Amino acid sequence: MRAPKGLEGVIVTSTELTKIDGQAGRLIYRGYDVTELAGNVSYESVAHLLWFGQLPTPPQLSELKLKLAASRNLPRIVEEFLKTVSGVAEPLSVLQTSVSLLGGLDISKKSSTIDSSIALSACLPTIIGGYYRVRHGEKPLAPRSDLGHAANYLYMLTGKVPKDQHVHALDAYFTLLADHSLGASTFVARVAASTLTDVYSAVVAAISTLKGPLHGGAPIYVWEMIQSIGKPERAAGWLRERLEKGERIMGFGHRVYRTEDPRSRVLKRLARQLVDPGLFNLAETVENEARQLLHQSHPDRPLDTNVEFYSSLVLHAVGIPPELFTSTFACARSVGWTAHIVEQLRDNRLFRPEAEYTGPPDQALRGKPETPAVS
Ligand code: COA
């Protein structure tokens, strides 16, 4: 039996976390529509929903917020690592190696999976903020325990308490990106977890996977595309030229959605409220032209905006530099990855699929065999 390429349509596990209805364009976390959650409950509440199975009561929410705030500081060795490498290395590799280092420290080994998950998610903004500040010649900042997850992240980058509007938008972004069922990085996290490795190692594997432009690496390319097009009247020609060369339009298309990605709808609304009207108009023109051209080239395959298209505008508007777009996605998705790891471990069986062999048939060695090297 030949497996469909890219495992399209194959069900490899079951999950209580997230349901995607690709035909209707709906994304549901444990029964709640993500478009209703985003901006109406905090990201910390969504994290509680994914990690513990229900939205928190007020005391449960306070407890989780306290735990997250208490876990934001980095061990000295990770701070030193950031100071050493941030000037020369790109952000996702630094994030990945920092998480790996955290996992290698003894303190993490004593924790339960869920406590490690909380600690890991709490640390990511500190790592990214430290990376960014060192890279730009500034001192890393200590995290603020009086700020929520989104507000502290923005503070860690700029050293300023962010505007409420920016915190609200980033918090909604975090919720929208918190989980997406078996996206490539989450699948990889579950496969790694199924070997009974630790949470940190499984998340390192997920971060490597997120980095690719077909997954979480796209928003910087969307941003560069919009900047390179520059004016609405240039959009159609620019896009046509790229499609004629066989290139893909970043921020469009999805493996599961056959209509608009519901997260894109919310992000577009946020972008309209946040960015300069000229930039919004340019992005919307690019969106409309791309949709039309893609419809002409692929009339049978609906290709619409995915989460990355308007993410780039929202992240830019709240003050996240393009070089950190994918790291910020990792920050949001860390909750989903770890919730899936917890779920995987609850009823684990090692992932070990098989491959159809398509190499040469049996071959006989001819002539004098080589003398095997003896060490
Ligand atoms: N631009 C142009 N054509 C696209 C396209 C895009 N963004 N996305 C899909 N297509 C075309 C493919 O070229 C292919 O055409 P063909 O049948 O003529 O060869 C067809 O649509 C199906 O593509 P396929 O690669 O099988 O779809 P997929 O389900 O594997 O791909 C993505 C999903 C996300 C990888 C794909 O849509 C893509 O590369 N998008 C751009 C990158 C991006 O935005 N990534 C973020 C994802 S959240």
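## Helix α15 and its surroundings

Helix α15, which runs over residues 277-297, is built from 21 residues and reaches 30 Å from its first C-alpha to its last, close to the 30 Å expected at 1.5 Å a residue. This description, like everything that follows, refers to a predicted model. Within α15, the buried residues are Leu279, Phe280, Leu282, Ala283, Thr285, Val286, Glu287, Ala290, Leu293 and Leu294. The cover over these buried residues of α15 includes α12 (218-229), α13 (235-244), α14 (262-274) and α16.

Helix α16 spans residues 307-318 and holds Ser311. Ser311 is buried, because its relative accessible area is 0%, a value under the 20% that marks the limit for buried residues. The side chain of Ser311 reaches the backbone oxygen of Val307 at a distance of 2.7 Å. When residues up to four places away in sequence are left out of the count, Ser311 touches Tyr173, Leu177 and Leu267.

## Helix α5

Helix α5 covers residues 91-104, and its 14 residues should span 20 Å at 1.5 Å a residue; the end C-alpha atoms are 20 Å apart, so the two values agree. The buried residues of α5 are Pro91, Leu92, Val94, Leu95, Gln96, Ser98, Val99, Leu102 and Gly103. At the start of α5, the backbone nitrogen of Leu92 has a side-chain oxygen of Glu90 within 3.2 Å.

## His180 in its loop

His180 lies in the loop that runs between α9 (164-177) and α10 (184-193). Is His180 buried or exposed? His180 counts as buried, because its relative accessibility is 7%, and the limit for that class is under 20%.

Two polar contacts can be described for the side chain of His180, one with the side chain of Tyr257 at 2.8 Å, and one with the side chain of Arg263 at 3.4 Å. Leaving aside residues up to four places away in sequence, His180 touches Thr18, Ile20, Leu27, His254, Tyr257, Arg263 and Arg333. The C-alpha atoms of His180 and Leu303 are separated by 19 Å, and these two residues are 123 residues apart along the chain.

## The three-stranded sheet

An open sheet is formed by three strands in the order β1-β2-β3, and the pairing is antiparallel. Its edge strands are β1 (18-21) and β3 (32-33), each of which pairs on one side only. Between β1 and strand β2, the latter made of residues 26-29, the antiparallel pairing extends over four bridges. Lys19 has Ile28 in β2 as its bridge partner.

## Two residues with positive phi

Most residues other than glycine have a negative phi. Arg30 has a phi near 45 degrees, which is a positive value in a residue other than glycine, and Arg30 is found in the loop between β2 and β3. With a relative accessible area of 23%, Arg30 is partly exposed.

Leu196 also has a positive phi in a residue other than glycine, with a value near 70 degrees. Leu196 is found in the loop between α10 and α11 (199-210). Which class does Leu196 fall into, buried or exposed? Leu196 counts as exposed, because its relative accessibility is 62%, and the exposed class begins over 50%.

## The ligand site

How many residues surround the ligand? The ligand is surrounded by 19 residues, of which the closest are Arg248, Ile249, Gly251, Arg255 and His298. For His298, an N or O atom in the side chain is 2.8 Å from an oxygen atom of the ligand. The ligand has 860 Å² of accessible area on its own, and the protein covers 73% of that area.

Note on methods. Residues are numbered from 1 along each chain as its sequence is written. This is a predicted model: local features need pLDDT of at least 70, side-chain atom pairs count only at pLDDT 80 or more; totals for chains, interfaces and linings use all residues. Side-chain values use heavy atoms; hydrogens and water are left out. Buried means under 20% relative accessible area, exposed over 50%, partly exposed in between (1.4 Å probe, protein chains only). A polar contact is a pair of N or O atoms within 3.5 Å; within protein, one must be able to donate a hydrogen and the other to accept it, and residues adjacent in sequence count only if both atoms are side-chain atoms. Contact means heavy atoms within 4.5 Å. The expected span of a helix is 1.5 Å times one less than its number of residues. A residue is near a molecule or strand if one of its heavy atoms lies within 4 Å of it. Accessible areas come from the Shrake-Rupley method with a 1.4 Å probe; for residues, only the protein chains shown count as cover. Two strands pair if DSSP finds at least two bridges between them.
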